[in-house]
Amino acid sequence: MKNIVVFTGAGISAESGLSTFRDSDGLWEKYSVEEICTHEAWERNPQLLVDFYNARRRDTLKAQPNAAHLAIAELQKKIPTTRIITQNVDDLHERAGAINVIHLHGEITKLRSSINETATVSLNGWEQHYGDRHPDGSLLRPYIVFFGEGVPYFTAACDIASTADIMIVVGTSLNVYPAASLLQYVPKKTQIYLIDPGQPAFNPLTPNITHIRKKATEGVPQVVENILNNAAERKL
Ligand code: OAD
């Protein structure tokens, strides 16, 4: 059975009603990333960050997985070697039925200790109250990997990418590092399907990359169906 690695970004959740970051109507067009998503911003105005991520959490809880999340979860059920790595902090992959999802940039449904990046706690509902503390005594902060911080699961993600026979990349501008460099860790022979209606910043010299200029809910089910058909014909 082949190893399939799925790597997703904000675009996969766009048709579930969640904003992307760098599209013309994206979050970083409306808000300054320096004011929201850095450690300095947390030090300067933590209430602003708490409010921002409370609003994102409320949107996430209202959103439902779409046909792309569902197709990926189905793929994983039928080909259990499928691994999912996401830059998204929403839980739509999981709510579609996917398991063992690696979240490179954190998870909106959790908070974390401000002194230990992997000490997380789940939050009930949408609202974080600023001032609540982790059992280790430190202030709780949103479980979001801020710009300039290390990406705790990146090495694990690279190990997974390096075993890929097929990689499906969905809805990411490939602008944020180190996440975007995951494509460099796949073996040269790996077939990469990039599903994104825009123009992600991939290296055109990447071997075996096919850019499918479709929205996630159209392109992902088609690619998944092709992979499953090939598997059924014992080509996988
Ligand atoms: P971006 O907002 O940078 O890119 C979104 C991508 O989704 C673009 O390439 C769009 O063309 C594409 N897109 C839009 N609608 C789509 C649809 N219906 N179907 C498929 N693709 C669609 O988002 P990311 O690349 O995920 O980090 O951004 C990476 C990181 O930057 C995020 O994880 C976040 C952000 O700052 C943190 O917050 C730490």
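Two strands pair if DSSP finds at least two bridges between them, and strands themselves are DSSP runs of E with at least two residues, numbered from the N terminus. Welcome to these views of a predicted model, in which local features need pLDDT of at least 70, side-chain atom pairs count only at pLDDT 80 or more, and totals for chains, interfaces and linings use all residues. Residues are numbered from 1 along each chain as its sequence is written, and side-chain values use heavy atoms, leaving out hydrogens and water.

**View 1. Strand 1 and its partners.** Strand 1 pairs with strand 2 (residues 83-86) in the parallel sense through four bridges. Here, phenylalanine 7 has isoleucine 85 of strand 2 as its bridge partner. Strand 7 (residues 166-170) also runs parallel to strand 1, joined by five bridges, and valine 5 finds its bridge partner there in methionine 167.

**View 2. The two faces of strand 1.** Ile4, Val6 and Thr8 point one way, while Val5 and Phe7 point the other way.

**View 3. Where the domains meet.** An automatic or database assignment sets the domain bounds: domain 1 covers 1-17 + 65-105 + 152-236, and domain 2 covers 19-62 + 109-144. Their C-alpha centres lie 25 Å apart. At the interface, 14 residues of domain 1 are in contact with eleven residues of domain 2, contact meaning heavy atoms within 4.5 Å.

Terms used:
Buried < 20%, exposed > 50% of the residue type's maximum accessible area, 1.4 Å probe, protein only.
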